[in-house]
Amino acid sequence: VWEEDGQLVRGINVLEQLNAHMETDDNDNEARIASQYRILTMHDPEFSVMPEADDENISTRDALKAPDAEQFKEAIRKEVADLIVNTRTLTEISDDQVKQLPRYWQIGTTLKCKRKKKGNGLPDKHKARGAARGDQLAAKILKAGLPMPQTFSPTVKPLTFAFMMQIAIAMGLIWCTADIKAAYLNVPRPANEIPILTKLESFVAEICDLDPNQLYRIDRCLYGLPDSGRHFYRHYRDALIKEGYVMSKMDNCLFYKISEVETTFIVLFVDDTLIFSKRQLDIDQFVVCMNRHYELTLDTKADSFLGININHNEDGTVTLTQPKLL
């Protein structure tokens, strides 16, 4: 379908029309429009473009009773160390400091455990992630009669995702994926917001040899807070724009840098990033630029994205498959 430039231009125009009809936070409307203007070469209706990765989520208490409990304990210690020491997401606060606060919220914090799997469905590693009890915060805000924080954060639209793969194949671009370490925790909470205090769960504090009665102030966008995703997207967006990438008018999660020598496209799904470029030099420069803002790791194989297996064929095409359940 992309053999002639005119067809490529028409494809871009169709995508612009589709996205112009879509509210950025209305998934039902997006599905309706996509079904009316199906582009068969871009989207196979039998294939889910954005499946959930087949990771095994498990409660922390169940993780500590599992045969691999020691591996989960090590993941918990690492996560708590990251929260308190490495990212300074949680800052110790004394009783005297609490008394000086004109107002604050106090909520719980929990840890979520996960056995992560690779794109092919095979076991990868054990992870633990600290998360604030955003439900408790929302209840307190509503009870106080205050407005809820804005929460909407965009992710790449399925049509844009599929269309960019067509562009990459047609232009013979290099594919890479990138991931940001502790993505949300790179972003400070706005200084003008009411402080949020928390404690570690008692059994988590015990595993980490910490005082279970210690109060912490949440200073960064901890997972679980209602607006953390929104703050992170804006932070990532602003970093890309600062480094010279342009946000597409078609999709707020598509960025590009095009010049006489460079053609680079950046696709975002939260912190998971898919990069297409003519030259490896420009991909390397992207990593250099973004490492000014985050700790970013690059995967040059680009064989998996959002739980989708990406098989790169010798003729330049790709085959997408979803991993089978083990």
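Student: Which element gives the largest share of the lining of the largest cavity?
Tutor: This is a predicted model: local features need pLDDT of at least 70, side-chain atom pairs count only at pLDDT 80 or more, and totals for chains, interfaces and linings use all residues. Residues are numbered from 1 along each chain as its sequence is written, and side-chain values use heavy atoms, leaving out hydrogens and water. The lining (residues with an atom within 4 Å of a 1 Å grid point where a 1.4 Å probe fits but cannot get out) includes Gly229, Phe232, Tyr233 and Tyr236. The largest share, four residues, comes from the DSSP helix (H or I, at least four residues) α9.

Student: How are the pair of tryptophan 175 and phenylalanine 276 arranged?
Tutor: The whole structure holds eight aromatic pairs (ring centres within 6.5 Å; planes under 30 degrees apart are stacked, over 60 edge-to-face, the rest tilted). The ring centres of tryptophan 175 and phenylalanine 276 are 4.9 Å apart and their planes stand at 85°, so the pair is edge-to-face.

Student: How many residues apart in sequence are the parts tied together by phenylalanine 232 and tyrosine 294?
Tutor: The pair of phenylalanine 232 and tyrosine 294 is tilted, with 6.2 Å centre to centre and 55° between the planes. Phenylalanine 232 lies in helix α9 and tyrosine 294 in the loop between α10 and β12, so the parts tied together are apart in sequence by 62 residues.

Student: Is tyrosine 294 buried or exposed?
Tutor: Tyrosine 294 belongs to an aromatic cluster with Tyr184, Tyr223, Phe232 and Tyr236. The cut-offs are under 20% relative accessible area for buried and over 50% for exposed, with a 1.4 Å probe and protein chains only. At a relative accessible area of 3%, tyrosine 294 is buried.

How values were computed:
On a 1 Å grid over the protein atoms alone, a cavity is a set of points where a 1.4 Å probe fits but cannot get out, and a pocket is an open set with protein on both sides within 12 Å along at least five of seven lines; lining residues have an atom within 4 Å of a point. Helices (H or I, at least four residues) and strands (E, at least two) are DSSP runs, numbered from the N terminus. Rings of Phe, Tyr and Trp (its six-membered ring) pair if their centres lie within 6.5 Å; planes under 30 degrees apart count as stacked, over 60 as edge-to-face and the rest as tilted.
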